[in-house]
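Subject: Handover of a structure and the notes on it

Dear colleague,

Please find below the structure that I am handing over to you.

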Amino acid sequence: MGGVVSRNRLVIIGGDAAGMSAAAKVRREEPDREIVVFERSPHTSYSACGIPYYIGGVVEKVEQLITRSPEKFREKYRIDVRTRQEVVEIDPAGARVRVKELDSGRESQTAYDQLLIATGATPFCPQVPGAGAGGIFGLSTLQSGIRVRQAMEQKKPRRVVVVGGGYIGLEMAEAFVRLGLKVSLVDRGTQVMGTLDPDMGKLVSDALREIGVTLYLGESLTGFETTAEQVKAVVTEQRTLPADLVILGLGTRPLSELAKAAGITLGAGGAIPVNPRQQTTVENIWAAGDCAESFHLVARRPVHIALGTVANKQGTVAGTNLAGDYATFPGVVGTAVSKVCKYEVARTGLQEKEIRQLGLEGVSATTTSKTRAGYYPGAGPITVKLWAERGSGRLLGGQIVGIEGAAKRIDGLATSLPAGLSVEEIVYLDLSYAPPYSPVWDPVQTAARQLLKKLRQG
Ligand SMILES: Cc1cc2nc3c(=O)[nH]c(=O)nc-3n(C[C@H](O)[C@H](O)[C@H](O)COP(=O)(O)OP(=O)(O)OC[C@H]3O[C@@H](n4cnc5c(N)ncnc54)[C@H](O)[C@@H]3O)c2cc1C
């Protein structure tokens with residue numbers, strides 16, 4: 001083992017959203033820079049976000065989820081992508097990484113000038129009896145999605161249990177219903193979608209029940225029953241649910257062990273702390289994407305939010321800096337959107353429990369109106385909940401559940417949050433209107449008017 005330290009080589013660990021955004025940016029700025037990417041799966045630049053649609057058959061071929069293959073990166077962009085190679089150690093003193101070739105088991109070392117950690121996150125796996133059995137799947141990489149679809153084709157499951165009612169669990173539950181399977185979902189919360197307040201989550205729970213998903217809420221997972229190392233049932237505190245296939249949707253944790261072993265003290269939720277340029281606390285080591293922290297612009301504290309939107313931006317910022325230019329990632333406001341059954345579900349900023357945790361005094365208003373002018377065909381319900389700070393009237397957060405046309409209204413609120421707009425300013429924003437798109441008062445402004453009234457009443 002050994003290796004000459006190159007002063008020009010950029011090494012990237014992880015070949016998806018953050019890693020390849022950075023690589024592509026550096027290549028555009030520095031045509032001759034040596035870029036080596038280690039990726040332990042066979043794929044690069046894939047859309048994990050598309051996995052539920054691939055499994056549910058909305059997207060037919062897995063290739064449709066791949067933006068750029070390793071071959072394309074090598075040939076067109078001259079980026080030395082090495083797939084099925086896992087970085088197992090970072091040696092900051094020697095400025096090199098130890099790499100294992102997964103097919104041969106061989107190990108070698110590669111020197112770096114600059115190193116970007118873009119290892120992503122991994123599904124949280126509960127430490128309960130039977131958790132290692134076959135037929136239990138978490139979703140993260142494209143490979144993980146391919147494995148589920150293969151299991152569907154080979155084992156022809158009839159009963160699926162989804163454990164955890166976050167957006168990935170819900171998208172998967174809907175996909176399985178579309179395939180005609182019997183789907184149950186277990187969540188220890190009182191409603192699904194814990195990133196919404198319970199009253200908004202209830203709308204989503206009801207929509208899932210309407211399509212035939214059986215919900216077991218307020219129940220914690222205690223283990224799995226298995227036969228011949230295959231899952232047979234999901235066990236909660238209150239019941240045993242027969243299962244041919246289980247999806248874990250219990251959230252993710254950052255893949256930050258390499259960084260920790262390299263001397264980086266981990267931060268929020270075990271993620272890698274970075275400054276706004278995406279530099280870690282160790283010289284010449286950068287981090288971006290699901291493995292890294294972000295700064296929450298409303299809560300004013302570091303958070304770990306694992307989303308593709310953030311990963312792409314952080315990767316581009318890291319790439320800009322690694323190419324010798326200057327860029328900063330300002331932070332996040334916790335914006336997320338998802339399609340669940342008939343509803344579009346969106347949130348931004350702080351929800352009730354976060355407002356309470358931060359010791360802020362919040363006031364909320366919820367209104368239900370229409371996505372279009374009431375007389376225009378296709379108009380349907382949209383419920384908007386807004387939170388503001390008592391006293392200042394500053395917007396703290398918003399949640400939207402509604403039919404088609406509802407979700408992207410969250411972006412106006414996501415823009416208002418870092419701008420520090422008050423509810424009164426939102427009421428009078430010059431938003432667009434025509435009958436096919438909105439009532440004269442946009443549903444977001446209808447909620448803002450209601451909230452303003454409450455704020456004024458004290
Ligand atoms: C089912 C699903 C649906 C989603 N839907 C949405 C959505 O609708 N909207 C949204 O914004 N986000 C969504 N996301 C999240 C989004 O996919 C991630 O935030 C994004 O992929 C993160 O990019 P990343 O590059 O940081 O990490 P990843 O995409 O996880 O990539 C990290 C890569 O690093 C590799 N790697 C890890 N460790 C090593 C190592 N030691 N050596 C070599 N390689 C390594 C991994 O194999 C992986 O390919 C979804 C995720 C899933 C799983």
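The notes that follow take the ligand site, then the strands and helices, then individual residues.

The model is predicted, so local features are given only where pLDDT is at least 70 and side-chain atom pairs only at pLDDT 80 or more, whereas totals for chains, interfaces and linings use all residues. Residues are numbered from 1 along each chain as its sequence is written, and side-chain values use heavy atoms, with hydrogens and water left out.

Ligand site

The shell around the ligand holds 32 residues, of which D16, E39, Y46, D290 and L307 come nearest; a residue is near a molecule or strand if one of its heavy atoms lies within 4 Å of it. By class, the shell divides into 18 nonpolar, nine polar and five charged residues. In this division Ala, Val, Leu, Ile, Met, Phe, Trp, Tyr, Cys and Pro are nonpolar, Asp, Glu, Lys and Arg are charged, and the others, Gly among them, are polar. At least two shell residues are supplied by each of α1 (17-29), β2 (34-39), β4 (85-91), α5 (167-178) and α8 (308-322). Helices (H or I, at least four residues) and strands (E, at least two) are DSSP runs, numbered from the N terminus.

- The side chain of D16 places an N or O atom 2.4 Å from an oxygen atom of the ligand.
- A polar backbone atom of A17 is 3.2 Å from a ligand oxygen atom.
- A polar backbone atom of V87 is 3.0 Å from a ligand nitrogen atom.

The ligand taken alone exposes 1,000 Å², and the protein buries 91% of that. These areas come from the Shrake-Rupley method with a 1.4 Å probe; for residues, only the protein chains shown count as cover.

Strands and helices

Strand β11 (residues 182-187) pairs in the parallel sense with strand β12 (residues 214-217) over four bridges, where pairing requires that DSSP find at least two bridges between the strands. V186 has Y216 of β12 as its bridge partner. Together with helix α6 (residues 198-210), β11 and β12 make a right-handed β-α-β unit. Right-handed here means that, with the strands pointing away from the viewer, the path from the first strand over the helix to the second runs clockwise.

Buried means under 20% relative accessible area, exposed over 50%, and partly exposed in between (1.4 Å probe, protein chains only). The side chain of S205 makes a polar contact of 2.7 Å with the side chain of Q191. D199, also found in helix α6, is partly exposed at 38% relative accessibility.

Strand β22 (residues 343-349) is mostly covered, seven of its seven residues being buried. It runs antiparallel to strand β21 (residues 336-340), to which five bridges join it; the bridge partner of K339 in β22 is E344. The hairpin of β21 and β22 has two residues between the strands, and C341 there takes a positive phi near 55 degrees. Six bridges join β22 to strand β25 (residues 395-402), again in the antiparallel sense, and T348 stands opposite G398 in β25.

Individual residues

Two further residues other than glycine have positive phi. S45 has a phi near 40 degrees; S45 is placed in the loop between β2 and α2 (51-55) and is buried at 12% relative accessibility. R78 has a phi near 50 degrees; R78 lies in the loop between α3 (70-77) and β3 (80-83) and is partly exposed, with a relative accessible area of 48%.

T226 is found in strand β13 (residues 221-227) and is partly exposed at 38%. The C-alpha atoms of T226 and P129 are separated by 9.3 Å, although the two residues are 97 apart along the chain.

Yours sincerely

Definitions and conventions:
A polar contact is a pair of N or O atoms within 3.5 Å; within protein, one must be able to donate a hydrogen and the other to accept it, and residues adjacent in sequence count only if both atoms are side-chain atoms.
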